[in-house]
Number of protein chains: 2
Amino acid sequence: MLTTVKQTQMEQIAIGIDIGGTNTAIGLVDSQGTVLQKTSIATPTHGNIYQFITSIGHAIRGLKSATGTEIEIIGIGIGAPNANYYTGTIEEAPNLSFKGVVPFVDLLKKEMAPIQNISMTNDANAAALGEKVYGGARQMNHFVMYTLGTGVGSGIVVNGDLLYGYDGFAGECGHTTLIPGGRLCGCGALGHLEAYCSATGMKRTALELLARYHATDSLLAGYSLLTLEARNIFEAAQKGDKIALEVFELTGRWLGQGLADTVHHLSPQAIFLFGGPVAAGDFIIKPTIQSLNEHLLPVFRGKIQVLPSQLHPGDAAIVGASALVWK
Amino acid sequence: MLTTVKQTQMEQIAIGIDIGGTNTAIGLVDSQGTVLQKTSIATPTHGNIYQFITSIGHAIRGLKSATGTEIEIIGIGIGAPNANYYTGTIEEAPNLSFKGVVPFVDLLKKEMAPIQNISMTNDANAAALGEKVYGGARQMNHFVMYTLGTGVGSGIVVNGDLLYGYDGFAGECGHTTLIPGGRLCGCGALGHLEAYCSATGMKRTALELLARYHATDSLLAGYSLLTLEARNIFEAAQKGDKIALEVFELTGRWLGQGLADTVHHLSPQAIFLFGGPVAAGDFIIKPTIQSLNEHLLPVFRGKIQVLPSQLHPGDAAIVGASALVWK
C-alpha cells in the first residue's frame, strides 16, 4: 500500500458533501474514491442558510490545510435531500429546516470562488453514483439503489446514467404508497414506503407490535418512541425476541412490495440496499426477496438481484457525491 | 387533402401490428403516421403460433394488394403484451395463449423474407412511441403513457427514448401494487393496479358496490359479471347513477395513487391516459388528479400534467407499432 505517495505528491482531489437532516459530512476524495480527509458539521435546525454555507467553506479550507500537502480542489459534489441537479437548488425538503427553494449551488460557488465545478444531486442519487463508479454496480447499466436510514431514498441508473426526469427529481421511491391511508409520512402524505421501511419505520412497527400483543416479555418492552433505536431491534432479533423478529419480517415484506413496484417500472438488473437495517442481513433480506417475488409479474420472478451495497457505510455518501465531480 | 397523391405514387410504408388478447390489428402506415389500409384477424385462443404467423403474412400481403399501388414495405413494427424488444420474443404473456418464450420476430422474419427490419415491443410502449412521434408528446422527453383497456399497460419515455431496462420489460406499471392483499390480478398476484383501474377492474368495482349497498335501484343492478361493460357504467354515470359515479370516483382515486408511484420513480413532465375509460373525461380525470396530488411529495404537487392521449383510438396501437420502423 503506497498511501504515502498520495501524501507527498501534488494531486487533484474532489470535495464530497453529504447533507443530512442532522449532520453534514464533508470529505476530500481522490480520483480512486479514497477519502483522504473528512469532517462533520451540524446541519442547522433553524434554517440560517448563509451561516451554513460559511461553515461549509471553513470546513473545506480546514480539511485542505489538514492534508499537509499541496492539493488542487477541482470541484465539489453535493448530496442533499430534495436536491435538483438541473438547477442546483434544494426544494421543499421535508427533513431540512431550509424551506422553499434554496439556491444552494450558487451560494456555495460564491463562498468557494474561484471553484465553479459544483453540482448537487439527491443524496440517494449520489450513493447510486458511488455504487456505479466504485462499488458493486461497476458493470451494471440498469440498477436502483435504496438507502434505508432516517428516511428512505433511492437513486435510479438507466442506460448507465442517473435518471433525473423532467425536473431533476426522479428517484423518490421512498414515497411510493405501500398502504393506502396508512401511516403518516414525514412528507405529509399517508402510507408511503418511508413510513414503514426506514429505520424510523422499524421503530414504529416495533411499538405497534408491542401494543398489539401486549408483549410485556419482549426485550423491547422497556423502550419508548424516544429511546428505541433500530440497532436495539437487531440485537433483540439476534437473541430470538419474537417482536423484533416480526419487525424484520414485516419490514422485509413491505420493502419487497415496494421493490416490486420499482421493478415493474424500471426492469433493473439489481436493486442495492444501503443503510443500517441492511446490516441485519438475512433477517431483512430473506423476507424482502420472498415478498418481492410474490408481488412480481411471472416474467420478473426470481430474476432480480437484491444486493447489499458494497460501499463503505461511513464514506458512501461523501464518495458518491464526489463522483459528480469526476463524472 | 391530397390523399390521392399517396395512392398514385410509389412510396415507402411501414407495417404496424398490434397483438391483443382477442384480436390482432394490422395496418399499412406511411411516414406521416397515416394508416393507409388496415385489417384485423383473430388472435388464436389455443396457441398455434405457426398458423398465427402464416395468417399475419397472408393479411399483410392482402393489405398490400388492396392498396392498388406500388409500395415498398420497409419494415414491420409489432406491439404485443410481454414483448421483449431486445430479443424479439413474447415471454409468459398472461393474456395470450402462447405460453413460455415465443421467438415471434424470428418466426415473422422467416414468413416475411426478405423483409428483415422487424422489431417488437410492449403494446403500451408502442402507444407511447406513437404519442411521441405523432401525438401530444412530440415536444416531451420525459413522459409516461398508461393504456387502460382489458388490462393496464404503460410505456415510459426518458431522455427522449423508450425505457426498456435491463431485460426489455420496463414499463409494467399496471402491475404495481395498489392494495396489499387485494383483488386477484390476471398475473396471479394480489392487489395490482390493473385489477382496479382497467375496464375490467371498473366492472369488478361496480359489482362490489352493488353488493355493498344492495343497490337494487341502480341502473347497473340488472347486469352480471358477464354482461356488464365499461360503457354501461359511463352511460349510467351520465344519467347520475350513484353507483356508476362512485365507480369512476374510486377508479380515479386508485389510478391517482398509482400515478403518484410512477411520478416518484420517474419525475415525468406528463402522464398520458389512453383507452376506453378515458372517454369518460372528468368523471375519471378529476378524481385521478386530486388523488395523484394527495399522494405526491410537495415538490411534485400540482406540477404533473395528466392528459388524454391525442392518438386516434382506433389506430393508436398500429401507428405506435409502426413508429418502431421509422425510428
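Reader: How many residues of domain 1 of chain A are in contact with domain 2 of chain A?
Author: In this predicted model, seven residues of domain 1 of chain A are in contact with eight residues of domain 2 of chain A.

Reader: What kinds of residues are on the domain 1 side?
Author: The side of domain 1 of chain A that touches domain 2 of chain A has three nonpolar residues, four polar and no charged.

Reader: Where do the domains of chain A run?
Author: The assignment puts domain 1 at 3-116 and domain 2 at 138-308. The C-alpha centres of these two domains of chain A lie 29 Å apart.

Reader: Changing topic. How many residues of chain B are in contact with chain A?
Author: There are 37 residues of chain B in contact with 37 residues of chain A.

Reader: Which elements of chain B give two or more residues to that side?
Author: Strand 10 (152-158), helix 8 (242-266) and helix 9 (282-295) of chain B do.

Reader: And which gives the most?
Author: Helix 8 of chain B, with seven residues.

Reader: How do the residues on that side divide?
Author: The side of chain B that touches chain A divides into 18 nonpolar, 13 polar and six charged residues.

Reader: What rotation superposes chain B on chain A?
Author: A rotation of 180°, with 0.0 Å of shift along its axis, and the RMSD is 0.1 Å. That is the relation of a two-fold axis.

Reader: Why say the copies meet through the same surface?
Author: Because 100% of the interface residues of chain B are also interface residues in chain A.

Notes. Residues numbered from 1 in each chain as written. Chains lettered and ligands numbered in written order. Predicted model: local features only at pLDDT ≥ 70, side-chain atom pairs only at ≥ 80, totals over all residues. Contact = placed C-beta atoms within 7 Å. Helix = DSSP H or I, 4+ residues; strand = E, 2+ residues; numbered from the N terminus. Nonpolar A, V, L, I, M, F, W, Y, C, P; charged D, E, K, R; others polar. Domains from an automatic or database assignment. Least-squares fit on C-alpha atoms with pLDDT ≥ 70 in both.
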